[in-house]
Amino acid sequence: MMTLKVRMIFSALLSLYSINSLAIQNTAEIASKANDKAQEMPWKLWRTDDYFKVSYRIDSVKNLIEIKAQAELTSTLAGFLYFIEDLEMTSHWLDNAESAVMISEIATNEHIFKTRFKSIWPFSAREIVVYSRYWQNQDLSIEILLEDYGDNIAKTDDAIRMQVLSAHWKIIPTQPERISITYQFKVDPKGNIPQWLAKPMALNSIWTTLNNMREQLPKSKFQQQIKTDIQEIQHN
């Protein structure tokens with residue numbers, strides 16, 4: 001009789017374990033499918049003109065905005081790379097940026113840097129730490145991959161650490177000293193900023209950034225410089 005009771009208890013526990021495992025598996029599958037669905041959400045056009053096009057979509061799982069910014073700019077490929085690598089000038093073109101500092105230069109095309117953003121009442125100052133790597137494809141286009149590196153660097157006491165969920169540049173030379181850029185990114189600002197406020201802030205900020213780049217990039221000193229690892233499109 002005792003043996004029978006032990007077997008019944010063991011069977012019941014095994015059944016509960018199986019049900020629980022199935023529930024966990026189903027939850028994981030639902031989350032995975034939801035994430036895939038979020039990635040498939042169509043882009044919504046926010047604003048466009050003769051030079052820029054900005055679209056967005058909402059990640060229904062994380063309730064975050066993902067932005068795709070496209071622009072036609074006057075610049076060489078090397079000039080563009082040097083421009084965004086000049087961290088001392090970042091605050092002049094990146095909207096709301098207060099400063100940017102290099103943490104580590106791993107290679108010519110690999111860097112780790114931190115950018116600090118100004119506080120906007122009633123929100124605290126924010127910072128982001130990013131690993132960046134670029135490469136050139138056979139068609140001469142350049143891609144820049146940005147990955148979050150915040151977990152590896154100590155936080156600043158007076159700033160909230162944001163998190164990069166995805167970020168990618170693609171720069172295509174269309175003719176000598178003319179490029180087409182696409183910048184797609186999704187960042188978690190942390191600190192419980194409501195979406196109704198985060199959305200217009202992010203969209204207006206990227207539009208201002210594009211305008212700053214369009215104005216400053218062609219005049220930068222880097223347009224006369226070359227990068228030995230970058231091949232430029234040639235004049236016909």
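This is a predicted model: local features need pLDDT of at least 70, side-chain atom pairs count only at pLDDT 80 or more; totals for chains, interfaces and linings use all residues.

Me: What makes strands β2 and β3 a pair, and how do they run?

Reply: Residues are numbered from 1 along each chain as its sequence is written, and side-chain values use heavy atoms, leaving out hydrogens and water. Strands (E, at least two residues) and helices (H or I, at least four) are DSSP runs, numbered from the N terminus. Two strands pair if DSSP finds at least two bridges between them; β2 (residues 52-59) and β3 are joined by eight and run antiparallel, so they pair.

Me: Why is E66 called buried?

Reply: Buried means under 20% relative accessible area, exposed over 50%, and partly exposed in between (1.4 Å probe, protein chains only). E66 has 5%, so E66 is buried. The residue lies in strand β3 (residues 64-74), where eight of the 11 residues are buried.

Me: What joins β3 to strand β10?

Reply: Nine bridges join β3 to β10 (residues 178-188), and the two run antiparallel. I67 stands opposite F185 in β10.

Me: How do you know that the length of helix α4 agrees with its residue count?

Reply: The expected span is 1.5 Å times one less than the number of residues. The 22 residues of α4 (residues 195-216) should therefore span 32 Å, and the end C-alpha atoms are 31 Å apart, which agrees. Among the buried residues of α4 are W207 and M213.
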